[in-house]
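Hello,

I am passing this structure on to you. Please have a look before reading my notes below.

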Amino acid sequence: MLTVLLLPLLFSSSPLVSSSPVAKDQSVCARTFCGAGRECVSTNRGEPVCRCLQQCEEREKWVCGSNGRSYRNHCELHRDACSTHTKIHAEHRGHCLESSPETDVSPIVCFLSDRDWLRERVIQWIQQEVQSDNRTSNDTSTNQLLRTYFKMYDNGDSELDSKEFLSFLKHNETALNITYSNTLESNMLLRSLCVDALIELSDENADWKLSLTEFINCLTPSYHSYERKCALEDEVFEDGAETRMDCNKCVCACGNWVCTALTCNEEHQVEEDVKGGADEEELTEEEWSRRVEELNALHQQH
């Protein structure tokens, strides 16, 4: 059963929002309360309208959501609830506890908020380094520094793959202070997944490597690519949506369906015919991967 509302709800007819500095005119929004995870902005007609927060403060006050996901702070929790149209409340402070084998198992994924947070931290690091070198903080100086790092970690093929990008991050790991999870193993896996998501962000030729131009675009604040959605059976889903394949849970993350690979017991499989019927063959790893790829392939049709 799907746990979030469908994307079409997001396209309900709502007034266009102004992107000008007066969009948050307090006089327009003075009598409008939007609730947690939302903000009031002014439309082009000067009317107040509520929308999901674009970003939250970076302070770390981790909370565990009722959906079993850890959030960097309460703002991130409410922003996720708003953007996914789900009801999420804080269960307790700190990271969510590790699930027991009997509880529902979710795949480890890098959500859009995780990817964007990593990107923001790297961009800040680069900008601070430009300023500390007494350079003028402009696009030219920033691009020169990015070229230096690109050449430093490029193995000679004029492209950076995920391994080389990870080495680039480790160059200033102390300044980045990137922590996703309360366990080292999960944290390392999430970092790797988010690096893949960052590469996909500006990988225009889809070769899972970044050219110099793609690398600079990835870490340029003004660069925004088309955000892919997850598709399933002619329906489109937002980041964080969930569905099931037998006993396995699939989660939409950065435009891809990511699924667990559990071996389902009799409760989730076709019952064995003990009277001579053919047994149901268990999926091989290759067949399972193909089923997940079929889910992801559907998004290209939208």
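Is Glu-233 buried or exposed? Its relative accessibility is 64%, so Glu-233 counts as exposed, the cut-off being over 50%. Bear in mind that the model is predicted.

Glu-233 sits in the loop that links strand 6 (230-232) and strand 7 (235-237).

Asp-246 is another residue to look at. Asp-246 is not a glycine, yet its phi is positive and near 60°. Its loop lies between strand 8 and strand 9. These two strands form a hairpin, with 2 residues between them. At 42% relative accessibility, Asp-246 counts as partly exposed.

Now the hairpin itself. Strand 8 covers residues 242-245 and strand 9 covers residues 248-253. They run antiparallel and are joined by 4 bridges. Thr-243 has Cys-250 in strand 9 as its bridge partner.

Strand 3 (residues 63-65) is joined to strand 5 by 3 bridges. There, Gly-65 has Ala-90 of strand 5 as its bridge partner.

Over to you.

Best wishes

Conventions:
Residues are numbered from 1 along each chain as its sequence is written. This is a predicted model: local features need pLDDT of at least 70, side-chain atom pairs count only at pLDDT 80 or more; totals for chains, interfaces and linings use all residues. Side-chain values use heavy atoms; hydrogens and water are left out. Two strands pair if DSSP finds at least two bridges between them. Buried means under 20% relative accessible area, exposed over 50%, partly exposed in between (1.4 Å probe, protein chains only).
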